[in-house]
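Hi everyone, thanks for having me. Have the picture open while I talk.

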Amino acid sequence: MGLSRAATGTRVPWGPFATGLLAIVLWGFLLIGGTTAVHAGEYRLSTGDVLTFDFLDDAELPVTATVAGDGEAQFPLIGAVGVVGLTIPEALEKLRNEYRSREILVDPKLSLNISTFRPIFVLGEVKNPGSFPFYNGLTVEQGIGLAGGTLIVAANASDRIIARARLRGEIEGATAEVIHEAVYAARLTAQLTHRAKIDLNDVPEIAREYVKGVPLGGVVELEEKILKADLAASRSQAQILAEGIAQSEAGIEILNELVQQQKEVIKNTEQDLERINSLRKRELNTESELSRAKNTASTEKAQLLEIFATLSRSRQELSELKLQLAQLEADREKDILTKLQEREIAIKKLISQKHTAEEQILLMAAVEADEAKDNQISYTYEIRRNPVGGTPTSIKASTLTEMLPGDVLVVGIAGM
């Protein structure tokens with residue numbers, strides 16, 4: 001598998017004739033293939049390759065096995081076998097040894113082929129960047145064709161007008177979203193401090209230039225309605241819990257009074273019991289009177305214990321209500337701070353998108369200015385290759401350079 005001589009750039013003329021010619025040449029190459037193929041005996045398997053496996057001495061249909069991210073592929077009867085970094089003959093020999101060592105087959109007659117190589121990737125100044133199937137003899141020119149051709153060559157005057165309109169729309173949309181997110185963040189700050197009005201000084205610093213001099217009456221009015229609704233809901237929840245706490249405290253106060261009263265009752269009951277017991281010793285009353293006095297004393301003590309149990313439950317309920325009130329405020333604060341952080345991230349992303357769109361407009365203007373000079377544009381092609389078990393390399397390529405499975409082709413504009 002040889003690679004053609006490297007080149008730093010290629011001059012591609014503008015015009016529909018050149019684009020049509022490129023498409024004809026591309027399909028010609030795809031139909032007849034390249035002069036050099038990826039040979040199974042030399043190619044080393046990698047993640048994403050799809051294999052066709054078959055037992056040659058049975059009537060079953062072949063099965064497919066995809067090399068997974070862990071470097072293994074699934075084969076009949078033996079399961080996962082590591083094949084990454086092996087050539088087809090090496091993988092075949094390893095499979096034979098696996099079937100023999102596991103005593104599944106004595107003399108395995110196997111077939112193993114690559115049905116689909118791992119894809120290539122085309123990035124940069126192409127119409128549809130992404131991953132594409134690999135074909136034997138696939139060249140840089142064909143890879144660019146699979147990605148829809150180069151961006152600038154594919155664009156005519158109307159395409160550029162549409163592209164500029166789209167980019168301006170993206171810029172205006174991003175700006176509007178930044179303003180909305182900024183006022184949203186100011187509203188969250190007002191919620192955090194329990195204020196009923198939004199202060200635009202609370203807008204995140206990164207977004208302040210976007211809200212200066214911009215009429216925000218409608219946006220602020222809507223956000224303040226949301227703010228008031230949130231504050232009302234928060235106060236309502238807190239008030240319900242506060243009322244529950246007040247009721248529990250009042251109930252505990254009553255129970256404490258009952259405890260004191262019951263203690264007095266028990267004290268009087270015990271005095272009566274002593275008096276009746278003394279009279280009984282002198283046989284001045286009956287045994288039944290003494291028994292009733294004892295029962296009364298026991299009943300009053302049991303009632304005191306019930307009051308104590310009720311008091312304990314009431315105190316526990318009071319603690320739970322206080323915990324809920326504290327948790328309500330803590331959860332609210334945590335939720336608001338989380339949303340504030342999300343607003344900061346969203347604003348940064350939107351500003352980045354806006355800057356990207358602005359840079360694309362400037363790039364288009366620069367390309368059009370260059371086109372006005374000589375109606376031509378120059379491209380650079382770089383192949384980034386990460387061979388199995390080897391060192392990642394970067395190759396300056398030309399349109400005739402043949403690609404290998406897994407290659408990443410980056411198309412750039414010379415001088416930019």
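Let's start with a pair of residues: Asp-54 has Ser-111, in β6, as its bridge partner. Before going on, some housekeeping. This is a predicted model, where local features need pLDDT of at least 70 and side-chain atom pairs count only at pLDDT 80 or more, while totals for chains, interfaces and linings use all residues. Residues are numbered from 1 along each chain as its sequence is written, and side-chain values use heavy atoms, with hydrogens and water left out.

Okay, back to the strands. β2 and β6 run antiparallel and share six bridges; for two strands to pair, DSSP has to find at least two bridges between them. They belong to an open sheet of three strands, in the order β3-β2-β6. Which strands sit at the edges? β3 (63-66) and β6, as each pairs on one side only. From one strand to the next, the twist averages 30°. Then there's α2, which packs on the sheet and touches β2 and β6, its direction making about 135° with that of β6. Those angles run from 0 to 180 degrees between N-to-C directions, with axes as lines fitted to C-alpha atoms, for helices over the stretch in contact.

By the way, the names come from DSSP runs: helices are H or I with at least four residues, strands are E with at least two, numbered from the N terminus. The protein chain has eight helices and 11 strands.

Now, the inside. In soluble globular proteins, nonpolar side chains tend to be buried together. Here the largest nonpolar core has 40 residues, and Phe-75, Leu-112 and Leu-409 have the most contacts inside it. A core like that is a set of buried Ala, Val, Leu, Ile, Met, Phe, Trp, Tyr and Cys residues joined through side-chain atoms within 4.5 Å. Buried means under 20% relative accessible area, exposed means over 50%, and partly exposed is in between (1.4 Å probe, protein chains only). The largest share of this core, five residues, comes from α2. Domain 1 (44-116) and domain 2 (121-151 + 377-413) each give the core at least three residues; those bounds come from an automatic or database domain assignment.

What does Phe-75 touch? Leaving out residues up to four places away in sequence, its contacts include Leu-51, Phe-53, Leu-95 and Leu-112, with contact meaning heavy atoms within 4.5 Å. There's also a second, separate core of 18 residues, with Ile-179 and Ile-351 among them.

Have a look at β11 next. Six of its six residues are buried, so β11 is largely enclosed by the rest of the structure. Val-408, Val-410 and Gly-412 point one way, and Leu-409, Val-411 and Ile-413 point the other. β11 pairs with β7 in the parallel sense over four bridges, and Phe-121 stands opposite Val-408.

Last stop, the outside. Leu-77, in the loop between β4 and β5 (79-82), counts as exposed at 63% relative accessibility. Its phi is near 75°, a positive value in a residue other than glycine. Glu-103, in the loop between α2 and β6, has a positive phi too, near 60°, and is exposed at 74%. And Glu-342, in helix α8 (residues 287-374), is partly exposed at 41%.

That's my tour, thanks!
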